[in-house]
Amino acid sequence: GGHGVGPVVDDLAFGGVTLFFVLSGYLITGRLLSGQTLRRFYANRARRLLPAMLVMLAATGAWFLALGSSPWALVEAGTYVRNITAAHLGAGPTPWSHMWSLASEEQFYLLWPLAFGLAHRRRALVAVGCLSFAAMLTAFAVGDVPMARFSPLTQAWTLCLGCWLALRGWAPSWPSWLSWAPLRWFGVRSYGMYLWHFPLIAAAS
């Protein structure tokens with residue numbers, strides 16, 4: 001949150017990110033089940049994610065650093081640790097606060113393919129997911145909202161759920177309207193839109 005984003009909008013955004021994490025776990029596990037090698041997986045992720053992020057950080061970093069933003073805020077965004085600093089170190093809002101969700105994604109991309117070949121992975125996923133969900137509920141109960149919302153420890157259950165659904169062979173029948181051309185156009189550009197939306201909001205506030 002931060003930079004004037006209201007609590008209702010913040011809650012809706014958090015719910016959207018939760019659904020995105022579940023879907024991400026499902027899709028990434030599907031790719032691994034198809035036999036994609038680790039080398040190809042990591043190369044594809046790097047080509048897909050890093051160039052656009054670096055361009056955004058270079059452009060917005062020059063602007064916000066000139067306005068007095070902390071260089072560390074830019075470093076934590078570029079090194080994918082914003083979720084950890086926001087949840088565990090008390091880091092306040094920055095022009096790149098939204099990078100917490102991408103940090104969670106990158107940490108998942110790094111660890112899950114390496115653990116994918118472990119025996120009894122579905123059982124382990126259930127155990128990790130349950131512990132993570134319990135940790136999130138506990139954090140909310142004691143009022144530690146940053147811990148509940150941003151920590152990889154409390155958000156792992158969403159990714160575990162998506163992975164578990166893929167490993168169980170769940171194959172949903174997607175509605176035909178998802179193939180509508182405007183939605184496909186938006187989907188192709190959604191990552192770039194997400195990268196830029198929060199710095200633009202911060203600049204306008």
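**Entry 1: the N-terminal end of α8**

I looked up the start of helix α8 and found that S151 caps its N-terminal end, with a side-chain oxygen 3.0 Å from the backbone nitrogen of L153. I count a polar contact as a pair of N or O atoms within 3.5 Å; within protein, one must be able to donate a hydrogen and the other to accept it, and residues adjacent in sequence count only if both atoms are side-chain atoms. Helices are DSSP runs (H or I, at least four residues), numbered from the N terminus.

I note that this is a predicted model, in which local features need pLDDT of at least 70 and side-chain atom pairs count only at pLDDT 80 or more, whereas totals for chains, interfaces and linings use all residues. Residues are numbered from 1 along each chain as its sequence is written, and side-chain values use heavy atoms, with hydrogens and water left out.

I compared the span of α8 (residues 152-167) with expectation: at 1.5 Å a residue, its 16 residues should span 22 Å, and the end C-alpha atoms are 21 Å apart, which agrees. The expected span is 1.5 Å times one less than the number of residues.

I then checked burial (buried means under 20% relative accessible area, with a 1.4 Å probe and protein chains only). In α8, 12 of the 16 residues are buried, so the helix is largely enclosed by the rest of the structure. Among them are W157, C160 and L165. After α8 comes G169, with a positive phi near 80°.

**Entry 2: T158**

I examined T158, which lies in α8 and is buried, at a relative accessible area of 0%. Its side chain reaches the backbone oxygen of Q155 at 2.7 Å. Leaving aside neighbours within four places in sequence, T158 is in contact (heavy atoms within 4.5 Å) with T18, F21 and V22. I also recorded L23, which is 135 residues from T158 in sequence but 8.7 Å from it in space, C-alpha to C-alpha.

**Entry 3: α6 against α8**

I fitted lines to the C-alpha atoms over the stretch in contact, taking angles from 0 to 180 degrees between N-to-C directions. The axes of α6 (residues 121-141) and α8 come within 7 Å and cross at roughly 150°. The two helices are therefore roughly antiparallel (over 145 degrees). Residues of α6 including L125, G129 and F133 meet a set in α8 that includes A156, C160 and W164.

**Entry 4: Y80**

I looked at the loop between α3 (71-78) and α4 (82-88), where Y80 lies. Y80 has a positive phi of about 60° although it is not a glycine, and it is buried, with a relative accessible area of 12%.

Terms used. Buried means under 20% relative accessible area, exposed over 50%, partly exposed in between (1.4 Å probe, protein chains only). Angles under 35 degrees count as roughly parallel, over 145 as roughly antiparallel, 65 to 115 as roughly perpendicular and the rest as oblique.
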